[in-house]
Every structure is written in C-alpha cells, then in structure tokens.
Amino acid sequence: MSGGAEPRDTHGEGRARAPWKRVPPVAWVVLSMIVFFGLAAPGFFTVGNFLNITLQGSVLLIMAVAATLVILTEGIDLSLGSVLTLAGVTAVLALQSGLSVPAAVVVGVLTGVACGMVTGFLITAGKLPPFIATLGMMGMAAGLALVLTRQGAIYADLPGFIFLGGGTVGIIPMPTVIATLVFLLAWVVLHQTDFGRYIISVGGNEAGARLSGVNTALWKFLTYVVAGALAALGGVIMAARLRAADPIVGSGWEFDAIAATILGGTSFEKGNGTLGGTVLGVLVIAVLRNGLNVIGVGAMWQPALIGLVIIAAIVFDVLLKQRGVIQ
Amino acid sequence: MAEQPLLQAKKITKTFPGVLALDTVDFDLLPGEVHVLLGENGAGKSTLMKILAGAYQPDAGTIALNGQEMRIANPRQAQRLGLGIIYQEFNLVPYLSVAQNIFLGRFPHRWGLLDQAKMHAESRKLLDGLNMDIDTRAKVVRLGVAQQQMVEVAKALSVRSKILIMDEPTAALTDREIEQLFATIRRLKQQGIGIIYISHRLQEVHQIGERVTVLRDGKFIGTRQVNQVTIDELIAMMVGRTITHMFPRDYQSQGTEALRVEGLNSGTRLRGVSLKVHSGEIVGLAGLVGAGRTELARAVFGADPFESGQVSVFGQPVKAASPDRMVKLGMGLLPEDRKAHGLAMILSLSENVVLASLQRLFPRRFVDGGTEREVVAKYIADLRIATPSPRRLVQFLSGGTQQKVVLAKWLCTHSKIFIFDEPTRGIDVGAKAEIHGFMNELVQQGAAVLMISSDLPEILGMSDRIYVMRQGQIVAEVSREKATQERIVAYAMGQEVEK
Amino acid sequence: MTVATEVRSRGWQLDPRILYGGSRLFVLILLCIVLTTVSPVFLTGTNALNVLRVASLLIILAIGETIVILTAGIDLSIGSVLTFSSVIAALAIKAGLPLPLALTAGLAVGAALGFLNGLMVAVVKLPPFIATYGMLWIASGFAVVLLKGQVIYGFEENFRFLGVGNLMRIPMPIIIMAALWIPAYLLLRRTTFGRSLYAVGANQEAARLSGVKKDQTLILAYTLSGLLAAAAGLVYVARLNAAEASIGANMLLPAIAAVVIGGTSLFGGEGGIVGTLIGALIMTIVQNGMNLLGVESVWQGVVLGALIVVAVLLDQWARKTLANEGG
C-alpha cells in the first residue's frame with residue numbers, strides 16, 4: 001500500500017502548477033533559434049520572412065495536426081505522406097479532366113477521406129495494429145499515385161487553383177490562412193466537442209471509456225478519416241504551390257509530421273498532448289529550415305544540421321522533464 | 001426486513017470456453033445495505049459483477065430490479081437502469097478533467113458544443129455532496145488514488161445510481177482515506193442506495209457490511225448476516241477447508257547480520273533511515289501508505305538512486321548500487337506491483353523463473369534448454385505452482401500463482417536476502433497461507449527477510465521484529481513480544497504510545 | 001480482475017507463440033503453391049536462387065531492425081546508416097586502403113552510429129522514434145556532405161565479388177546473409193543476451209529489477225542494428241558497383257514491413273528473425289511473382305501495401321481459429 005516510486009503526488013489534490021512551468025521546453029528552443037538567427041542575419045527578422053516561415057510550414061502544420069489527432073488516440077498514421085501525394089494527383093487529374101477548381105479540391109479531399117475510411121476500418125473492424133494498417137495504406141496510396149501519373153509529374157495551370165498555393169489574403173499567403181483555419185477548427189473540435197473529448201478518451205483509457213458507454217470504435221474510425229482528409233488538403237495545397245502533382249512529393253512527410261508532434265510534447269501514450277505544442281514543433285522545423293537558408297548554409301549541410309537540432313530539442317525536453325522542472 | 005430488494009439475481013450461470021465461471025448463483029441486494037461479496041481469485045466475483053454491469057450476458061438465470069425482471073444488455077443500459085460500477089482499474093480518462101470524466105459519454109451541450117459551465121457546476125454539486133474538495137477542472141491524472149475513486153463515485157451518482165458495485169475499493173488507500181470512504185458509504189446508505197462491496201480484506205466485512213455472500217469456484221456457498229458469522233467461518237467457506245496455519249512461524253535465534261542500512265537519505269522521501277536484518281529472521285516494515293517503505297526497498301536494492309547513506313551486505317558496504325549488483329551479492333526484491341515490476345507478462349513461466357539467474361545458471365552465456373527445464377521443474381514442484389505447462393504465458397496464471405512465479409525467480413538466484421513488498425496483496429486466502437509457509441522455510445534455511453506489509457495481522461503474525469516508518473523515517477523498532485496492532489498503528493500515525 | 005485470471009487451464013497446452021511461425025509459414029507455402037500453378041518458371045533453380053538473392057539484402061537489414069523492435073523500440077535510421085557506412089567504405093577503398101581494412105571501417109562506422117542510437121535511447125532516455133529519426137537526418141546529411149554530389153563507382157574485383165560472385169554456385173549475398181542470420185538466431189534464442197533482450201522488450205522495468213543489465217542490452221541491440229545496416233550496405237554497393245547518397249533512402253520501410261509481416265510485435269518481447277526471414281521471403285516472392293506475370297512495376301507498390309495488410313489479417317485469423325480449436 002505504499003505510494004510507489006513515482007514522481008507525482010500519489011495522494012495529492014491536483015493543485016495547478018506555476019504557469020511558467022507549463023511552457024513546453026520546445027518553446028524555449030524556438031525562441032532561442034529565432035534570437036540566434038535574428039542576430040546572425042539581418043534579413044531574418046522581417047515581416048516578409050516571418051510570413052515566409054509560415055508559408056513554408058503551413059502544409060507541415062496541417063499534416064502535423066492530423067498526426068497529433070491520431071497519436072492522441074494512441075495510434076499512428078504512416079500513410080499521411082502518401083495520402084498527400086495521392087490527393088494532389090487526383091485533384092490535378094480532376095482539373096485536367098475539366099472539373100472546376102472547387103470540385104477538384106473536393107475530389108482531392110475525398111480521396112483522403114476514402115483512404116482514411118479504409119485505414120480506420122482495418123484498425124477498428126479488422127483489429128490491425130495502426131502501424132501495420134497505415135504502413136499498408138502508405139504503400140497502396142503511394143503506388144496508386146505512381147500508377148495514375150504514369151510515374152511522371154502532371155501539371156496544373158488554372159489560376160483559380162494556383163491561387164490556393166500562391167495567392168495571398170492581404171499580405172498573408174493562402175496556405176498560411178488555410179493552415180491557421182485548420183488549426184483553429186481542430187482546436188475547437190478537440191476541446192469543445194464530443195469528438196475531441198472522445199479522441200482523448202480512446203487514447204487515455206479505451207477500455208474504460210467503452211465501459212462507460214462510449215462507442216470507441218466509431219470515434220477511432222472517424223479520427224483516421226479526419227486525418228486522411230487533412231493530409232489530402234495538404235496535398236491539394238502542395239500541388240497548387242508546385243503547380244504540379246508529383247508522385248513522390250509526399251514521401252517522408254509523415255515522419256516530419258510525427259516528429260513535429262512529438263517535439264511539441266504530445267506523447268505516444270495515454271492521450272496526453274496539445275495542438276499548441278504541435279504548432280511549436282512545426283515551428284522548430286520551419287524556423288530552422290528558413291534560418292539556415294537565410295544565413296546562407298548550403299542545402300548540402302541542412303539535413304545533418306536539422307537532425308542535430310531535432311535531437312538537441314528532444315534532449316532538452318527530456319532533461320527538463322527528468323529534473324522535474326516541468327511535467 | 002420485508003423490503004423490496006433493489007436487485008435479485010437467481011440461478012445465474014455463465015460459461016467461457018472450457019470454464020464454468022458461475023454455476024446457478026443467487027444474489028440479492030436490499031436498499032440501504034452494504035452486501036459484501038467474498039471469494040478467492042477465480043471464484044466468480046468479477047464475472048458476476050460484469051454481468052450486473054451489462055458487460056457480459058448470463059447463459060441462464062434471471063435478474064430482477066425492483067421486482068421487475070430485466071435484461072441488462074450493455075453497460076449503457078446498466079447505467080440507465082441505475083447500476084453504477086466502480087472497477088478496481090478505474091474507467092477514468094487520465095487527461096480529461098474531473099468534470100468531463102464524470103459526464104463521460106453524456107456530455108451536456110449548448111449550441112452544438114460542450115456545455116463546460118454546466119458540467120463544472122453539476123460536478124461541483126456532486127463532489128460537495130460527497131464532502132470532497134477536488135478541483136473539477138483538474139486533469140484526473142494529477143489526482144491521488146483516493147480522489148480518483150471519489151470521482152468514480154460522483155460519476156456513478158451522476159447517473160442516479162440506486163445500486164453501486166465497488167470492486168476492491170480499499171486496495172490502494174491509506175487508513176485515513178479508508179475511513180473517509182466508509183463515511184461516504186454510510187452517507188450513501190442513508191439515501192437508500194444499495195452497495196455490493198467486493199473485497200479481499202476480511203476485516204472490512206465486519207467494519208462496513210450488513211450481509212456477506214461467499215462464492216467458491218463459481219458456486220454459491222452461502223449468504224450470512226455479518227453479525228452472525230466469524231472470520232474463520234468465512235475463510236472456511238471461501239477455501240472449503242479450515243486453514244489452521246495462517247502464519248506458520250518457527251522462531252529461532254538471530255543469525256549473523258545480513259543487511260545493514262545506515263543513514264539513508266533521498267530528498268524528502270527518505271530521511272536518515274537505518275535498520276538491520278539478520279539471517280534467520282523476518283523483519284516486518286510497517287507504516288502508512290506514503291511513509292516511504294517501497295522507496296526504501298527500492299533504494300536498498302539499487303533500483304533508485306539515493307543521496308547519502310550506506311547499504312552493507314554481509315558486512316561489506318556496497319558502492320554504486322544497481323539491481324544487477326545487488327542480485328550478484330545475493331539480494332532479491334519482490335515488488336509491490338507484481339504485474340508491472342515483477343513479471344514479464346507475455347513471456348512464459350519458465351522464462352520468468354530463470355530471468356534473474358541467467359548469469360548463474362549459464363556462465364558461458366549459452367542457454368541450455370535441459371538445465372532450464374530441470375531447474376524450473378524443481379521450483380514448480382517445490383512451490384506447488386499450478387500450471388498445465390512451464391511454457392504457459394504468465395499472463396494467463398492466477399494472482400497467487402503469479403506471485404509464486406516471482407518467488408521462484410528469486411529462489412532460483414539462491415539469494416540470501418529477500419525484500420518482500422506486500423507479498424500477499426490481492427491474493428486469496430489459500431495461496432496467502434502457502435506463501436507464508438514458504439517464507440518460513442526460507443528463514444529456517446538461513447535467509448534474511450525484510451517484509452513490507454500493510455496487513456497488520458500478517459506483520460504481527462510473521463515478524464521477529466517490526467520497524468515502523470513514518471514520513472520517511474524509522475520511528476520505532478518493536479520486538480515480537482511487545483508488538484500489538486494498537487502500538488504499531490500509534491507509531492505509524494505519530495501518536496503517543498504507552499511504554 | 002480480468003477474465004484471464006478466472007480462466008484456469010485450457011486444453012491447448014502449447015506456448016501460443018509457436019502459432020506465430022506456423023501461420024506465417026502457412027501463408028508462405030500457400031503463396032508458393034499459387035505461384036507455381038500460375039507460372040511454371042517460378043520453381044526453377046535459377047528463379048529460386050534469384051528470389052533468395054534479392055531477399056538476402058532485405059533480410060540482412062531486417063535482422064537488425066528485428067533486434068531493435070524486439071526491445072519495444074524502433075530504428076528509423078537504418079537506411080541512412082546503410083548509406084553513410086557504405087560511403088565511408090567506398091571512400092576508403094578509393095583512397096587505397098586494403099580491402100579488409102576498408103570493409104572493417106564501414107562496418108565499424110555502422111556499429112558506431114548504432115552505438116550512438118543506443119546511448120540516446122538507453123542513457124539519455126530519448127524516445128527511440130525521435131532519437132533514430134534525428135540520426136536518420138544526421139547520417140544521410142553527412143553522407144551527402146562527404147560525397148559532394150558525386151557518385152563513387154568502379155570498384156575492384158575482390159570487392160565486387162561480395163555482390164556478384166558465387167560460392168559453390170550460390171550467389172554471395174545469400175552466403176553472407178546466412179553467415180549473419182545463423183549466428184543472429186543463436187544469439188537471440190540460445191544466449192543470455194537474447195533472453196535479456198526479450199525480457200527488456202516484454203517489460204523493461206521488471207527486467208531491470210530482475211538484475212538484467214537493461215542499458216547494456218539496449219545499447220548492444222542498436223549497435224547490432226547499425227552493424228547489420230552497414231553490412232547490407234556493403235553487399236549492396238558491391239553489387240551496384242556504385243555508391244551514392246540515395247542508396248539507402250527507400251530501404252527503411254521494406255525492412256520494417258518484413259519484420260512486421262514476419263510477426264514480430266511492435267510492443268516488444270515477441271517474435272524473432274525466423275518470422276522476419278519468412279516475411280522478407282513473402283515480400284520478395286510476391287514481387288517476383290508480379291515480375292513473372294508481367295505486372296507493371298508501378299503496381300508493385302500497391303500490391304506490397306495490400307500484402308502487408310492481408311498477411312497480418314490472415315495471421316490474426318489463423319491464430320484465432322487455431323486457438324479456439326484447442327480450447
């Protein structure tokens with residue numbers, strides 16, 4: 001009947017922690033990067049450049065929101081990148097076959113919805129582990145994209161479509177606007193709707209939630225559908241920006257999205273995580289990429305440096321948590 | 001009392017593949033009563049409970065609620081019918097708030113979104129009614145176990161339950177929290193709520209119950225009025241035989257010093273702890289939950305680092321302790337949570353038994369199947385471990401058998417010093433007595449045993465000497481002759497003790 | 001209290017893990033039968049050796065990944081480590097070092113990177129996903145830097161023999177694979193290290209509290225993964241007769257697929273390289289079958305993805321039916 005060796009107060013009353021302790025460590029990493037790059041290069045600290053950062057990070061943010069929702073259910077979605085690719089392809093093909101821009105966007109998003117439905121079905125009804133179901137979907141979606149494009153890029157030149165990727169609302173780039181809207185919508189859903197609370201329930205205590213009468217299978221299924229839709233949206237924006245659908249463009253995005261989520265403090269267990277943290281995780285990657293460019297680091301060196309910073313960021317996070325400075 | 005029973009279950013039968021879990025069991029519950037349900041592990045208590053909760057369907061038998069025959073088709077319906085269940089492993093979602101947990105599955109809405117204000121207001125009312133000062137906005141994961149349990153009670157009350165089923169409610173509570181729980185239960189009884197109370201703690205039967213029902217091997221053995229039955233009679237009903245030797249001990253003279261702890265400090269959890277254990281003796285370590293006993297055990301074993309102090313094994317101080325060093329020096333720790341820390345559930349019995357002795361049994365690093373089989377067979381026989389095969393995965397064994405596997409693992413290491421942390425918690429009466437017997441044999445053969453236990457009869461019945469811990473310090477050392485329940489509790493709570 | 005504690009003895013005595021290997025072998029044999037009927041070329045000596053040869057590379061890589069996954073971890077860096085260590089070996093050969101020394105250098109580098117992964121996971125306690133993800137970037141980043149955009153090609157006979165030579169009519173890659181697989185099998189199943197590995201994967205804390213040297217076990221597991229990735233890289237470069245920055249890029253996912261199809265659980269403690277061998281063979285045979293039947297290579301990705309899903313579904317179904325019949 002002992003309190004055990006856990007760090008938490010096993011018989012405490014849930015007192016709130018001091019506000020500065022609740023800031024995730026990755027926020028400090030982002031802050032220090034911004035300061036560093038700001039000092040190192042005058043071009044960094046301009047409005048234009050910040051908008052640039054948001055533009056570069058917007059698709060990643062949408063993907064990372066999708067990844068976060070899935071990870072909150074204690075699942076994982078490895079197919080996000082392939083769905084991004086496939087949706088871009090179907091949207092552009094729809095455009096090429098004469099559909100209007102809105103219709104083409106819908107086709108793209110519906111592609112993601114369809115993929116998400118298949119994955120969701122395999123996981124809930126088929127009882128496959130999410131890693132395997134989404135690994136399979138990743139192969140299938142990427143393969144389909146190759147088939148549909150006959151292995152080459154396909155082009156899209158319609159001004160209405162390109163606006164999604166290259167246009168602006170005032171001075172803010174369209175992708176940033178879309179990504180912000182997605183984030184806000186996701187935040188509201190996660191915190192203020194049944195769906196959001198059930199996502200956390202599935203991740204936190206699926207068996208317990210089911211015994212409390214929650215239809216956990218349904219909500220899990222819907223989570224993957226939403227993730228697929230979001231990845232597809234990202235793919236459509238990507239195709240609009242590139243003015244083309246490239247059959248391998250999305251390769252690896254799922255790992256970036258998952259890494260951004262984890263850097264932001266969402267853990268793989270128990271439904272513990274925040275969308276705000278995910279934004280910070282995305283910022284780490286986006287600020288880093290942009291900063292390295294601005295200070296003139298060659299493209300050759302960037303992957304290595306990015307890896308080092310990611311590891312440093314997570315080491316920082318783990319060390320702070322271990323010392324009990326934050327929880 | 002010729003009242004209408006809240007619940008009347010008759011001739012309930014339930015089979016699973018290969019097992020008859022319940023065999024024509026009868027059970028009824030009157031309003032305002034606490035009806036205790038007793039039985040060993042595997043007796044059928046949780047099956048019966050899950051049937052009432054709507055999680056399982058009975059193969060035969062009837063259930064009547066308030067005189068009306070019903071089918072409880074699923075958990076949601078059970079809720080609607082007024083049955084609230086508080087499982088041992090709570091159904092709480094760690095990262096949702098208290099209010100959201102209370103209303104899980106039944107969130108109130110306003111304009112399509114969650115009505116957080118209403119949830120918090122209603123939860124506040126419920127918790128105030130239970131006399132609990134818990135922040136409804138706090139995430140459940142930050143609450144202590146007792147508080148979490150209260151959230152579960154509030155949840156059951158929020159669906160206007162007339163019947164509460166509680167599964168091992170006191171397993172992880174301090175004595176003070178248990179008192180609070182009992183006070184809450186008494187308040188609920190006054191409101192006419194009936195409570196089915198499942199517990200292994202026989203002393204609680206007389207503390208809180210009106211009636212008690214005993215199941216054994218899925219069969220209904222009998223229902224008694226609590227004031228008309230003794231604990232020994234209950235044990236006999238549960239086990240099917242009388243257990244004469246609950247605490248078999250052959251006391252002998254103290255041997256050489258095997259373990260010495262001096263001035264152990266670790267933050268606020270351990271403050272200047274010193275103790276000694278000799279070969280041939282069982283030293284009990286008593287104290288309230290949170291006193292630091294498990295922390296001490298882990299620090300001594302090298303599982304957790306400590307700031308200052310010294311641990312000596314057979315007179316030799318140990319530097320840079322770690323579990324694998326301590327194992328080599330001849331120490332073994334049977335942890336409090338056997339499933340999480342004592343066993344690898346998805347590995348076989350055999351693999352678990354040899355796990356701590358790999359270096360000793362296989363010095364050339366090659367695992368020899370024949371040796372393993374022989375060794376494991378010996379311990380299966382010595383400890384009377386009930387299993388169809390040594391290759392059976394440990395997760396399929398009963399609680400008592402699992403604890404025997406943990407014990408076998410440490411016996412296999414030929415350790416000379418054993419730390420038992422709650423050795424018989426959650427284990428049925430029959431297996432308890434067996435394990436006590438093994439402990440006695442161990443010290444007869446010269447081992448030194450440090451036993452942490454919150455079961456006062458067990459501490460008093462098995463120990464040569466008893467240390468009492470309070471708030472990270474050793475506050476008393478009591479010899480067997482002078483030890484009584486009252487003295488131990490008094491020391492543990494920091495009260496005055498007459499000499 | 002769960003149902004499991006109430007259900008005492010069942011008729012089915014055996015260790016249910018035996019069912020794992022059995023059901024997958026069943027799938028493999030079924031595949032072979034189907035393909036033999038569809039294409040007479042399939043079961044010929046040349047084709048069989050061909051299949052085995054192609055599978056060997058994947059198997060070598062997947063053995064390392066299996067070892068890590070058994071610890072309930074994951075190694076995302078194997079593709080990059082493969083690339084980086086083979087680049088080092090290639091540069092060493094071109095710089096004039098004697099062949100054995102160059103090969104050792106490559107292997108040592110792979111082991112060193114794996115060792116670093118192990119340190120991050122065991123000592124710094126980083127989540128394996130992030131630690132190896134960071135290493136993925138770092139290793140491939142430095143490979144790019146070292147190569148400076150060039151391709152190293154044209155190696156000596158002796159080196160190329162490893163990839164294209166034959167020993168007693170059997171292609172070298174198969175021999176090398178067997179020379180690695182057999183000791184790995186013995187290591188996992190018949191040594192104390194293997195026991196420690198499974199225990200750490202099944203329940204890390206319980207293993208630690210039983211005196212198992214958890215840190216050493218984890219570090220060694222990741223080191224072996226790096227070492228085997230390097231070995232795979234050497235064989236690959238020997239066969240291609242070229243070393244460039246992208247060689248390992250697409251190898252991570254097939255390796256994980258082979259492990260997962262082979263039945264090793266991502267939660268650790270269950271599975272082994274027998275399963276991985278079967279999984280890799282299943283994947284390669286399907287690919288071979290598609291080639292023999294003239295299926296366009298574009299479709300192969302799709303089929304692979306579907307295959308992963310089908311194989312695991314089949315396995316779950318097989319286990320359930322077999323378990324029920326026994327009970």
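What share of the contacts in chain A with a separation of 6 or more is accounted for by residues 24 or more positions apart? The share is 78%, where two residues are in contact if their C-beta atoms, placed from the backbone, lie within 7 Å. The structure is a predicted model, in which local features need pLDDT of at least 70 and side-chain atom pairs count only at pLDDT 80 or more, while totals for chains, interfaces and linings use all residues. Residues are numbered from 1 along each chain as its sequence is written, and chains are lettered from A and ligands numbered from 1 in the order in which they are written.

Chain A contains 12 helices and 4 strands, these being DSSP runs numbered from the N terminus, with helices of type H or I and at least four residues and strands of type E and at least two. Its radius of gyration is 20 Å, close to the 20 Å that the globule rule gives for 327 residues, so chain A is as compact as a globular protein of that length; the radius is taken over C-alpha atoms, and the rule is 2.2 Å times the number of residues to the power 0.38. The C-alpha trace of chain A spans about 70 × 55 × 35 Å along its principal axes. Of the 327 residues in chain A, 55% are buried, a residue being buried if 20 or more other C-beta atoms lie within 10 Å of its own, exposed if 12 or fewer, and partly exposed in between, with C-beta atoms placed from the backbone.

Chain C has 14 helices and 4 strands, and its radius of gyration of 21 Å agrees with the value near 20 Å that a compact globule of 327 residues would have. In chain C, 55% of the 327 residues count as buried, and the C-alpha trace spans about 70 × 55 × 35 Å along its principal axes.

Between these two chains, 35 residues of chain A are in contact with 34 residues of chain C. On the side of chain A that touches chain C, the elements giving two or more residues are α5 (130-149), α10 (253-263) and α12 (302-322) of chain A, and the largest share, 14 residues, comes from α5(A). That side of chain A divides into 28 nonpolar, 6 polar and 1 charged residues, where Ala, Val, Leu, Ile, Met, Phe, Trp, Tyr, Cys and Pro count as nonpolar, Asp, Glu, Lys and Arg as charged, and the others, Gly among them, as polar.

Chain B also meets chain A, with 39 residues of chain B in contact with 28 residues of chain A. The largest share of the side of chain B that touches chain A, 4 residues, comes from α9(B), and by class this side has 20 nonpolar, 10 polar and 9 charged residues.

The largest nonpolar core has 369 residues, and those with the most contacts inside it are Met63(A), Ala66(A), Val449(B) and Leu61(C); such a core is a set of buried Ala, Val, Leu, Ile, Met, Phe, Trp, Tyr and Cys residues joined through C-beta atoms within 7 Å. Helix α11 (residues 214-240) of chain C gives the most to this core, with 17 residues. Apart from its neighbours within four places in sequence, Leu61(C) is in contact with residues including Ile78(C), Leu228(C) and Met251(C).
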